[in-house]
Amino acid sequence: MNAYYVISNELKDPGQETARFIRSYIEERGGTCFLRGGHTAGISAVESPSAQYRYTDARQIPGETQCVLVLGGDGTLLQAARDLVECSIPLLGVNMGTLGYLAEIEKKNITEALEALLADKFSIEERMMLSGTALHQNRKLMQDIALNDIVITRSGRMRVVDFNIYVDGVFLNAYSADGIIVSTPTGSTGYSLSAGGPIVAPSASLLLLTAIAPHTLNSRPIVLPGTAEVVIEVASGHVTDREIRAMQNFADAKWRGLRYGSRFAPQIGTSPASKGDAGQYIDGAEATFDGDTSVKLNVGDRVVISQAEQKTKLIKMKNTSFLEILREKMNK
């Protein structure tokens with residue numbers, strides 16, 4: 001590789017000191033390198049409502065770019081992955097903070113990493129991403145992707161929210177909890193881990209379902225195949241056994257509608273458990289994508305989550321197994 005683009009988080013790389021060092025190092029060895037400045041806290045790089053990026057405009061990246069170096073932490077790398085997902089350019093994260101699972105290279109090892117990149121001594125891993133669509137009465141409220149997770153949670157008063165979970169058209173369970181996390185294997189070491197979810201090798205193709213502070217004694221994280229479709233519905237109250245049976249009938253009818261035509265399908269947001277005025281926001285229900293973009297949800301609204309067609313490409317510099325990396329991070 002000899003053509004690079006650097007995304008720098010100025011909060012962790014003041015004055016782009018490290019970014020400028022990288023550019024000089026690469027150019028002195030015959031490569032090309034372009035810099036993109038980091039963002040300032042509280043200021044979005046989105047210039048207009050039509051902008052399709054948050055911090056990095058993929059249109060500004062030269063077409064010959066072979067690698068994007070991301071200086072910051074896991075959050076900066078997540079932003080880059082989302083902004084550049086259509087570019088299919090491999091990313092290499094440089095950890096400028098204290099702890100990072102995604103950013104493989106530590107700041108002190110930058111020179112060694114650059115030498116390996118210029119000598120093509122690396123491998124590329126593909127990471128699955130999630131696609132999520134928020135729906136209100138068959139109307140799309142928002143659609144976005146996530147590398148780590150999609151979280152449906154409260155954002156108002158200190159109260160629990162009731163959720164109904166469907167997997168591939170089958171009613172799974174009703175939860176009363178602070179929220180629900182649907183995570184990729186990459187995101188298993190993030191918010192999902194803090195909520196008691198399992199740690200999964202990032203190369204796997206799985207969906208992890210973890211409740212946040214569930215109000216039950218028998219709630220456990222659930223691991224689903226990467227091909228599964230998860231639907232999370234915001235409910236308004238605790239669900240009885242009778243309502244559970246009605247919800248399963250509702251799910252069956254919805255899937256018949258998908259197969260045989262819309263006249264067989266019930267309206268989204270009108271399931272038996274969707275009680276209350278759907279025109280009023282409940283206290284603080286919202287869906288958040290990678291802790292960044294979000295959308296408010298009403299009672300009866302649903303978030304449909306599945307594996308995205310796009311994948312994130314991450315450069316792997318070391319022949320270190322996931323277990324070795326995990327041990328090193330956990331002992332810090």
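Let's start with D57, which at 12% relative accessibility counts as buried; buried here means under 20% relative accessible area, exposed means over 50%, and partly exposed is in between, with a 1.4 Å probe and protein chains only. D57 has a partner, R59, and their side chains meet in a salt bridge at 3.0 Å, N to O. By salt bridge I mean a side-chain nitrogen of Lys or Arg within 4 Å of a carboxyl oxygen of Asp or Glu. R59 is exposed, with a relative accessible area of 67%.

A quick word on where this comes from: it's a predicted model, where local features need pLDDT of at least 70 and side-chain atom pairs count only at pLDDT 80 or more, while totals for chains, interfaces and linings use all residues. Residues are numbered from 1 along each chain as its sequence is written, and side-chain values use heavy atoms, with hydrogens and water left out.

Okay, the big picture. The protein chain has six helices and 17 strands. Those are DSSP runs, numbered from the N terminus: H or I with at least four residues for helices, E with at least two for strands. Of the chain's 332 residues, 52% count as buried. Now take the contacts with a separation of 6 or more: 69% of them are between residues 24 or more positions apart, where contact means heavy atoms within 4.5 Å.

So which residues link up in a network of salt bridges? They're R82, D144 and D292. With D144, the closest N and O atoms are 3.4 Å apart. R82 lies in helix α2 and D144 in strand β7, residues 139-146, so this pair ties together parts that are 62 residues apart in sequence. With D292, the side chains meet at 3.3 Å, N to O. D292 sits in the loop between β15 (281-289) and β16 (293-298), so that link with R82 in α2 ties together parts 210 residues apart in sequence.

Are these residues buried or exposed? R82 is buried, with a relative accessible area of 9%, and D144 counts as buried at 18%. D292 is buried too, like R82.

On to the nonpolar cores. A core here is a set of buried Ala, Val, Leu, Ile, Met, Phe, Trp, Tyr and Cys residues joined through side-chain atoms within 4.5 Å. The largest has 30 residues, and I152, V230, I232 and L297 touch the most other members. Strand β9, residues 161-167, gives the most to this core, with four residues. There's also a second, separate core of 22 residues, including V6, C67, L114 and M317.
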